[in-house]
Amino acid sequence: MTKLKRNIRIYVLIVLASLSFYNPLGLVSPQVGKFAFYLVCLIALWHANKHGVSLKRVKFPWTAYKMLFGGIAFSIVMAVLFQEQSLKTTIIATLPYLFAYSTFYVFMKLNIPKERIERIIWIFCYVSMGVYIVNALSFPNMVFGAEKEEFDMSRGIARLGVRSIELMVLFFLYAINQWMLTKARKYVWLILLTFTFIVLSLTRQIIGLSAVLGLLFIMQKASWAKKIGVIAVCALLYIFVIPQIPVFKAMAELSERQAESNSKDQEDIRIRAWRFYTYENQTNAITPFFGNGIPSFGKSRWGNEIEATVSPLYGGNGCFTVDVGWAGFFWYFGAIATLGLLVLLVKAAMKKKEKDRQYLTYWCVFLTLTAAASGPILFYNQIVSIMTVLYLIYGKEQNSNNNPQLQQQ
């Protein structure tokens with residue numbers, strides 16, 4: 001087996017393990033899924049350190065990455081010192097973040113040609129589409145994923161979830177990028193296909209941001225006449241067509257009900273959550289800088305207190321970190337780690353790219369914005385996707401045509 005093949009298999013295993021191997025028939029429990037992910041990451045770290053390339057001459061925001069990773073690691077100390085959560089319990093609770101964010105280092109060391117990574121990502125997207133279709137056909141007894149007692153039906157159809165939705169958005173933007181370069185009809189169909197599954201995620205901020213960024217991407221070099229024409233067509237579709245589509249109609253009605261509920265409560269739940277995690281629930285003057293750490297629900301007194309404070313089941317305020325990703329990340333790991341991650345994403349978006357890689361800029365904008373109202377930076381499977389995209393931007397450039405390892409394939 002060549003070194004390249006081994007590196008590719010390690011990358012694929014990391015992604016699969018982060019997804020609990022799609023959890024067929026609910027056979028993979030959360031504990032087993034996490035253990036598999038940790039084990040694969042440990043093997044990958046060992047292999048990357050022993051056989052990976054040197055990063056001395058690779059230019060990327062190394063200081064920002066050290067701020068990010070160091071901030072996550074130091075939050076363990078904060079939880080032990082100020083929350084009286086045991087060291088062992090805190091380390092176990094923090095491991096998903098340590099391993100997930102370490103994958104950027106692993107990917108940089110493995111130095112897999114970026115064209116190969118892109119192809120693998122697109123394969124995972126097609127697999128995700130297949131998983132959704134199988135689950136829809138077998139509903140309510142879904143073949144892939146853990147069993148649920150009830151499903152969210154408030155959006156007109158069952159909210160089954162689209163695996164790796166962040167990569168589906170990446171695929172959507174890639175298809176736009178390729179269509180703009182080639183004008184090939186196949187990419188029009190790919191744009192429609194990927195956006196269909198984005199809609200099937202039934203996540204309003206993801207649908208809205210994908211549509212807006214996709215439109216901006218398409219229009220970036222268009223003439224003013226074309227821009228006005230596209231805007232006019234979109235306005236007509238928004239006013240007359242979209243409201244008649246059952247799924248969009250149900251989501252619009254849900255938004256109206258939530259708006260009415262918020263008007264009665266005088267405050268949107270996400271605004272309340274942002275305030276709660278950024279300053280109201282800070283332990284002392286130090287935690288805003290270094291974080292509070294990860295509470296272990298059901299395993300520590302502090303974890304139980306936090307769960308009782310936020311969970312509506314116990315009369316809590318309903319403020320969950322996954323609904324306000326950046327605020328939750330800030331509360332867990334502090335300003336230093338948050339700044340490190342933000343710098344990585346902003347510099348990735350601003351970094352000059354080849355014409356066929358412009359889609360990566362728009363995806364970084366998408367991720368940065370959507371993390372304000374959801375939790376992609378807090379779920380380890382999505383973090384692996386984020387680290388993959390950062391590798392596509394910061395990783396060493398290679399000419400696959402001159403790569404002897406590729407020629408052996």
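Reader: Where does S296 lie?

Author: S296 sits in the loop between α12 (287-290) and α13 (301-310). Helices here are DSSP runs of H or I with at least four residues, numbered from the N terminus. A word on the source: this is a predicted model, where local features need pLDDT of at least 70, side-chain atom pairs count only at pLDDT 80 or more, and totals for chains, interfaces and linings use all residues. Residues are numbered from 1 along each chain as its sequence is written, and side-chain values use heavy atoms, with hydrogens and water left out.

Reader: Is S296 buried or exposed?

Author: Buried means under 20% relative accessible area, exposed over 50%, partly exposed in between (1.4 Å probe, protein chains only). S296 counts as buried because its relative accessibility is 11%. Not counting residues up to four places away in sequence, S296 touches Q85, T89, A93 and G303; contact means heavy atoms within 4.5 Å.

Reader: What does the side chain of K114 reach?

Author: A polar contact is a pair of N or O atoms within 3.5 Å; within protein, one must be able to donate a hydrogen and the other to accept it, and residues adjacent in sequence count only if both atoms are side-chain atoms. Here the K114 side chain reaches the backbone oxygen of G395 at 2.9 Å. K114 belongs to helix α5 (residues 114-138), and at 4% relative accessibility K114 is buried too.

Reader: How do I describe two packed helices?

Author: You give the angle between their axes and the distance between the axes. Axes are lines fitted to C-alpha atoms, for helices over the stretch in contact, and angles run from 0 to 180 degrees between N-to-C directions. Take helix α3 (residues 62-82) and helix α14 (residues 325-350): their angle is about 170°, and the axes are 7 Å apart.

Reader: How many of the residues of α15 are buried?

Author: For α15 (residues 359-370), it's 10 of the 12 residues, so the helix is largely enclosed by the rest of the structure. Among those buried are Y359, W363 and F366. The cover over the buried residues of α15 includes α5, α6 (165-182), α8 (204-219), α14 and α16 (380-394).

Definitions and conventions
Helices (H or I, at least four residues) and strands (E, at least two) are DSSP runs, numbered from the N terminus. The expected span of a helix is 1.5 Å times one less than its number of residues.
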